[in-house]
Amino acid sequence: MREPDLANPSLVRWFAFSPHALELGVSAIFGFPVRVGAARLGALNLYRDHPGPLTDAQHADGLAIADMIALWVISAQAAAPDGVMALELEAGSHFHFAVENAAGMISVQLGVSVTEAHVRLRAYAFSHNRTLAEVAEDVVTRKLRLS
Amino acid sequence: MAPPTRDQSIIESFIKLADNLVADFDVVDLLTGLSDRCVRLLGISAAGVMFSTPAGQLRLVASSSEAMQVVELFELQSQEGPCLDAFRTGLPVAHEVLRRDTSRWSSFSGVALDAGFESVCALPLRLRDTTVGALNLFNMNPTPMTDVDLIVAQGFADLATISVLQHGAMSESQRVREQLSSALASRVVIEQAKGVISERAQVNIGEAFVRLRRYARANNMLLSRVAQAAIAGTLDPAAWEVTSEAPVD
């Protein structure tokens, strides 16, 4: 994915994202998928403060770095127990036990895996514009039951 | 036979913890027991052990109390508090009486005082040149610990540090980081299992942990294994029923 000139895009998209990005000084953005074979893990996003495409060499570097990241993610996660994200992969600074407790409860309530329970929790928090921790507290104290 | 003196209890605690360390053990389970013993033997109100993540963030591994207020106090300490200071400086945070009108730990102090704690102390978990975490002690009165108490507390802190180094060469920092991550990850599994059991047995989270530990004891299984089985649904649900009132430790 590439958008070398966010202010004059070839394709008008990202209505929520572009204005904010431009305000912050982003003029170009390039995305490289982070994947291993068919398994897509995420994306490496590169931002630039002036418009223009990546050179061939830069593009090749981006592909190589995305591959390295994919391999590192796989090996970091391989060392972690099932259903738990490897600590090395966590970016958030606020860890809440209640989120894990809630995921356990939801997995039983909905008959899904703990991983899926985490996704449902996040989806609920996002769609109700609340923090994950707040929603988790409500689940744990049984004020809220996801369906 | 007379009940054990405090000295006898302290010696017995160290021997028992050391015995666990040379056998196959579960870090979270051992450190929960260590935290309980700190409370009993040091005459304090609550204790907890925090470990560092690979990114240098402090997280709770085990504590003497599952009460939400206490857990919250440890969560706060990833941002501010005696544990963070001890961890960053590698020096003990000796007895500190908490006050609301203070610039030191302003958020943490307020929450701790609300929870009924009046003083705190934190000992760094030191391993040669690095600090891998901290042992936190809370008291509901402002009385400082005696010098002997501090020596005993340091002994517990050292045991907590040693628990991070399971087998093999102790000098590899990579191994230490792996062990810390592994302990913190197993804590996450236990928290998920608490949720699962809480829902299956329709009990609160704290009681769920009691049942988890009790089941592990009664069946001579590692806590982390029981937790994994609970999540996977491979344990008999009847396991969560209260079958005896035997204390967990």
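**The sheet of chain B**

Mentor: Five strands make an open sheet in chain B, ordered E2-E1-E5-E4-E3, with antiparallel pairing. Two strands count as paired if DSSP finds at least two bridges between them. The elements are DSSP runs numbered from the N terminus: helices are H or I, at least four residues, and strands are E, at least two. Strand E2 (58–63) and strand E3 (93–97) of chain B are the edges; each has a single partner strand, so one side of each lacks a neighbour in the sheet. From one strand to the next, the twist averages 25°.

A note on the model and its labels. This is a predicted model, in which local features need pLDDT of at least 70 and side-chain atom pairs count only at pLDDT 80 or more, while totals for chains, interfaces and linings use all residues. Residues are numbered from 1 along each chain as its sequence is written, with chains lettered from A and ligands numbered from 1 in the order in which they are written.

Now the pairs. Strand E4 (residues 119–127) and strand E5 (residues 130–139) of chain B run antiparallel and are joined by nine bridges. Within that pair, Leu127(B) faces Thr130(B) of E5(B). Helix H4 (residues 82–89) of chain B packs on this sheet and touches strand E1 (46–52), E2, E3, E4 and E5 of chain B. The direction of H4(B) makes about 30° with that of E4(B). Contact here requires C-beta atoms, placed from the backbone, within 7 Å. Axes are lines fitted to C-alpha atoms, for helices over the stretch in contact, and angles run from 0 to 180 degrees between N-to-C directions.

Look closely at E1(B). Seven of its seven residues are buried. A residue is buried if 20 or more other C-beta atoms lie within 10 Å of its own, exposed if 12 or fewer, and partly exposed in between, with C-beta atoms placed from the backbone. In a regular strand the side chains alternate between the two faces of the sheet. In E1(B), Ala46(B), Gly48(B), Met50(B) and Ser52(B) point one way. Ala47(B), Val49(B) and Phe51(B) point the other way, and all of these residues are buried.

E1(B) has partners on both flanks of the strand order. Towards E5(B) there are six bridges, and the two strands run antiparallel. Gly48(B) has Asn136(B) of E5(B) as its bridge partner. Towards E2(B) there are five bridges, again in the antiparallel sense. Ser52(B) sits opposite Leu58(B) of E2(B). Five residues lie between the strands of the E1(B)–E2(B) hairpin, where Gly56(B) has a positive phi near 85°.

Next, the domains. The assignment, automatic or from a database, gives chain B domain 1 (6–164) and domain 2 (187–240). Six residues of domain 1 of chain B and nine residues of domain 2 of chain B make the contact. The domain 1 side has three nonpolar, no polar and three charged residues. Ala, Val, Leu, Ile, Met, Phe, Trp, Tyr, Cys and Pro count as nonpolar, Asp, Glu, Lys and Arg as charged, and the others, Gly among them, as polar.

Helix H9 (residues 223–232) of chain B is mostly covered, with seven of its 10 residues buried. Among them are Leu223(B), Val226(B), Gln228(B) and Ile231(B). After H9(B) comes Gly233(B), with a positive phi near 80°.

Then the interface. In chain B, 24 residues are in contact with 21 residues of chain A. Helix H3 (68–76) and helix H7 (173–201) of chain B each supply at least two residues of that side. H7(B) gives the most, with 15 residues. The chain B side divides into 10 nonpolar, eight polar and six charged residues.

Finally, the partner. Chain A has five helices and three strands, in the sequence pattern β-α-β-β-α-α-α-α. Its radius of gyration is 19 Å, well over the 15 Å of the globule rule for 147 residues, so chain A is more spread out than a compact globule. The radius is taken over C-alpha atoms, and the rule is 2.2 Å times the number of residues to the power 0.38. Along the principal axes, the C-alpha atoms of chain A fill a box of roughly 55 × 35 × 25 Å. Of its 147 residues, 20% count as buried.

Key: Contact = placed C-beta atoms within 7 Å.
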